[in-house]
Amino acid sequence: MVMAASLIGIVLAALLFHFASPWWITPLASNWNQMDDTLGITLVVTGVFFIGINLFVAYAVWRYRHRDGSRAAYEPHNNKLERRLLIATTVAIMALLAPGLFVYAEYVQPPKEALVVEVLGQQWQWHFRFPGRDGKLGLTDVRHVNAGNPFGLDPDDPPGHDNILVSGELHLPLNKPVKILLRSHDVLHDFYVPQFRARMNMVPGMVTSFWFTPTKAGRYEILCAQLCGVGHYNMRGYVVVEDDAAFQKWLGTQPTFASLMAKPGGGSVPTAGSGPEARLAQGKSLTQSKGCVACHTVDGAPGVGPTWKGLYGKTETMADGTTALVDEAYLRDFILNPQARSVKGFSPIMPKIPLSDDELAAIVAYIQSLGSPPPAKAQK
């Protein structure tokens, strides 16, 4: 009786939690209401089976409980019962899976007029690429990948020269279909915006895709929905949905591949103005877009890697027992070749991130601003 009552209590508690829970799906901001429909079907089908099976078990425990003098009837086979179970489970599985198959078939077939956006995932940052006025994405090859050319665009391919490259915040036009092409630099990632109900794995060595239509203006967070490393939790970005005029204005301010390649060092993140303040702003922006803040804090809190607060000017102890003064040379060497040595108390898991000379200088300057100047070297 206790077991039967416990099973009934579990069913009632689960139903109460489901209907009274404050945690639910985020408001829909795209055309994919079918995703919510399939989720509802899944909850109904699995919920019915959950309730039915548990109540049946509770009834069986009570009905066939031990009683003195009673004996169970031996029935090793029941064709009628097996047929009923086979039909019921087949119908349930079809109801569970069939709607999703129809939705997925539409999910990977974008309209011909869809705007094409390529998303590149890399530990732990996002890069975005738009075609130029000719509507074509340029050819890419891993041989061309470097700090200023994360997509590996071929400099000798004319259609790629006007491709628009974006690092950081992605903007999209309201009420226009968007086709997302997905690539990964290193490991398995997953581009996911919960409000769009749209996501897809990003598999190294291949291109995956899906499409959606943003239907509600706003600023939405981009997440990586696959465990991609120690900095996975902070592999985030933002997508801004706005009217077409605002989108075109924003798009016009973004650099093209040709303009970036024309800069010394192969291009870097552009900054407004010049001078120390602009350099620090550039460095801070780079530490976010390159995923550095996934492991390093700026407030002294512990992280996967050493905090940057007070790091510059400090004497660090290495894993081999040696010490090193954290000056500009130390920071440059460590960023360029993080596996050469490791700081005591921290695992040597920092990836080697391609950076141009300008980007490296900006990041070093930003870290310096969070610490104290190292002691002056004694004059001989």
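Phe130 is buried, with a relative accessible area of 1%, where buried means under 20% relative accessible area, exposed over 50% and partly exposed in between, using a 1.4 Å probe and protein chains only. Phe247 also counts as buried, at 2% relative accessibility.

This is a predicted model, in which local features need pLDDT of at least 70 and side-chain atom pairs count only at pLDDT 80 or more, while totals for chains, interfaces and linings use all residues. Residues are numbered from 1 along each chain as its sequence is written, and side-chain values use heavy atoms, with hydrogens and water left out.

**Rings that meet**

A search of the whole structure finds 15 aromatic pairs. Rings of Phe, Tyr and Trp (its six-membered ring) pair if their centres lie within 6.5 Å; planes under 30 degrees apart count as stacked, over 60 as edge-to-face and the rest as tilted. Trp32 and Trp211 form an edge-to-face pair, 5.3 Å centre to centre with 65 degrees between the planes. Trp32 lies in the loop between helix 1 (2-20) and helix 2 (33-63), and Trp211 in strand 8 (residues 208-212), so the pair ties together parts that are 179 residues apart in sequence. Both Trp32 and Trp211 are buried.

The ring centres of Phe130 and Phe247 are 6.0 Å apart and the planes are at 55 degrees, so this pair is tilted. Phe130 belongs to strand 2 (residues 125-130) and Phe247 to helix 4 (residues 244-252), so the pair ties together parts that are 117 residues apart in sequence. Helices (H or I, at least four residues) and strands (E, at least two) are DSSP runs, numbered from the N terminus.

Ring pairs also link a cluster, with Trp32, Tyr104, Phe196 and Trp211 among its members.

**Charges over rings**

Here a charge sits over a ring if NZ of Lys or CZ of Arg is within 6 Å of the ring centre and within 35 degrees of the ring normal.

| Charged residue | Ring | Distance to ring centre |
|---|---|---|
| Arg199 | Tyr192 | 5.6 Å |
| Arg219 | Tyr238 | 3.8 Å |
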